Amino acid sequence: MIDLQVQDKTHDEARQGEALILEAPVKADARKLYIESYGCAMNFADSEIVASILSETGFETTGDYHQADVIFINTCSIRENAETRVRNRLSQFGVEKRRNPKLIVGVLGCMAERLKSKFLEEERLVDVVVGPDAYRDLPNLIEQVESGHKAVNVLLSREETYADISPVRLNSNGITAFISITRGCNNMCSFCVVPFTRGRERSRDAHSIVAEAQSLFDAGYREVTLLGQNVDSYTWTSEDGLETVNFAQLLAQTALINPDLRVRFSTSHPKDITDEVLYTIAKYDNICNYIHLPVQSGNTRVLELMNRTYTREWYINRIDAIKKIIPGCAISTDIIAGFCTETEEEHQDTLSMLDYVKYDFAYNFTYSERPGTLAARKLADDIPEEVKKRRLAEILAKQQAHSLLRLQEWVGKTVRVLIEGTSKKSDQDYCGRGDSGAMAIFPAIDGVKPGQYANVLIEKCTSATLIGRIV
């Protein structure tokens with residue numbers, strides 16, 4: 001379960017199962033590729049890499065899987081309902097495969113690595129299983145299937161960053177884009193499968209990241225989000241050892257491309273976020289004053305069981321530093337309700353953390369045991385579901401009150417908003433985000449269009465949206 005008030009792009013519930021398509025076909029006789037993505041922003045960014053690789057071999061994307069020659073589902077293993085969705089979707093694709101036996105169906109991403117044998121043996125309609133580090137091998141794997149064989153490559157890499165591949169921007173608004181800066185994760189949180197499905201952490205060449213951001217700005221994009229499982233641990237060293245770039249330095253280099261290029265990032269880890277990063281954010285006006293800092297629990301004993309490697313006191317220290325160095329900085333978080341052995345008193349510690357920080361928004365979940373994780377092997381999932389749901393409801397109620405409180409602070413103020421497009425509810429209104437990441441809705445006026453910045457006077461708000469007018 002998720003708090004739908006969230007505005008952060010880390011895990012956009014509205015995009016789950018989205019078919020990613022190019023705005024224009026490459027050529028009329030091209031083979032058709034259908035890609036459907038689930039999970040976090042990293043998966044959606046990876047789908048763009050896949051489309052780029054396959055476009056070099058003559059594929060174009062389609063939004064209608066009935067027209068496809070190849071169907072790929074880019075999968076997530078973080079939550080159980082993601083796996084359920086994918087299995088249900090595969091059964092639907094099976095109907096199409098029976099109609100068109102030449103259709104190739106493949107599973108990409110984290111679930112592919114973890115469930116490779118099940119997909120090939122149980123889900124017999126699956127022809128290709130490809131892990132997140134093996135996308136360069138896709139043209140070869142498709143050829144194997146076309147010659148009558150199943151194809152699988154889920155090998156994890158210590159080097160692969162896809163730094164030399166310019167992603168095809170799929171379903172893009174031409175204004176905002178993701179840039180992957182790291183792959184994999186070295187944090188072994190006991191509840192998480194990412195280190196097992198995406199491998200060890202490695203940082204991408206800093207020059208390639210800055211070059212990609214520059215090319216996006218030159219193409220008209222005005223916001224980039226630097227992505228990684230833990231962006232704060234980004235460290236790249238040149239092959240000759242003469243140059244080392246940390247995350248704070250990478251942020252600065254990206255911000256210096258142009259003052260009109262807005263820079264965001266996700267996700268930070270409480271153990272790694274440094275004052276140097278915070279001072280860099282404060283120094284550059286175009287680095288957004290917004291930090292997603294997952295707490296998961298407000299209790300030190302539970303955090304230790306989660307192997308989060310910080311305490312409640314450490315987390316509060318980082319929150320205090322953010323508020324001191326970047327006054328007014330928006331902060332969001334992740335919280336897991338009902339982790340193994342969590343007591344009522346420890347749950348109250350999480351609620352008190354919400355009161356202390358007053359997050360702008362949050363992703364809130366009940367604990368769901370993931371096979372293969374340390375928690376699944378060593379800890380009993382012993383909190384009854386009704387208790388988990390009740391604790392989650394208490395977290396949601398408190399967070400929604402805080403979200404409204406934080407948005408109310410903007411009423412009467414003028415916010416510089418990057419216009420992303422028209423509102424979903426009315427083509428007479430524009431929508432866009434201010435520095436904090438909160439969505440603003442305001443009437444469209446002549447002479448101002450998406451991709452431009454506008455000063456919006458905030459006149460009122462809901463618990464999730466700012467409402468105002470251009471001044």
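Modeller: Happy to, and let's begin with Tyr65: its relative accessible area is 15% in this predicted model, so by the cut-off of under 20% Tyr65 is buried. Tyr34 is buried as well, with a relative accessible area of 3%.

Now for the rings themselves. A pair of aromatic rings is described by the distance of the centres and the angle of the planes. Tyr34 and Tyr65 make one of them, with 5.8 Å from centre to centre and 65° between the planes, an edge-to-face arrangement. This pair links distant parts of the chain: Tyr34 sits in strand β2 (residues 31-37), while Tyr65 belongs to the loop between β3 (59-61) and β4 (70-75), 31 residues apart.

Because Tyr34 lies in strand β2 and Phe93 in helix α2 (residues 80-99), the pair ties together parts that are 59 residues apart in sequence. Phe93 is buried, as is Tyr34. Put together, ring pairs link Tyr34, Tyr65 and Phe93 into a cluster.

Elsewhere, rings meet charged side chains. Arg416 lies over the face of Tyr453, at 3.8 Å from the ring centre. Lys413 does likewise with Trp410, lying over its face at 5.9 Å from the ring centre.

At the start of α7, a side-chain oxygen of Asp205 comes to within 2.7 Å of the backbone nitrogen of His207. Following α7 is Gly220, with a positive phi near 105°. Between these ends, the buried residues of α7 include Ala206, Ile209, Val210, Leu216 and Phe217, and also Ser208 and Glu212. Those buried residues pack against β8 (176-180), β11 (223-227), β12 (235-237), β13 (244-246) and α8 (247-255).

Key
Residues numbered from 1 in each chain as written. Predicted model: local features only at pLDDT ≥ 70, side-chain atom pairs only at ≥ 80, totals over all residues. Heavy atoms only, no water. Buried < 20%, exposed > 50% of the residue type's maximum accessible area, 1.4 Å probe, protein only. Helix = DSSP H or I, 4+ residues; strand = E, 2+ residues; numbered from the N terminus. Contact = heavy atoms within 4.5 Å. Polar contact = N/O pair within 3.5 Å; in protein donor to acceptor, adjacent residues only side chain to side chain. Phe/Tyr/Trp six-rings, centres within 6.5 Å; stacked < 30°, edge-to-face > 60°. Lys NZ or Arg CZ within 6 Å of the ring centre and 35° of its normal.
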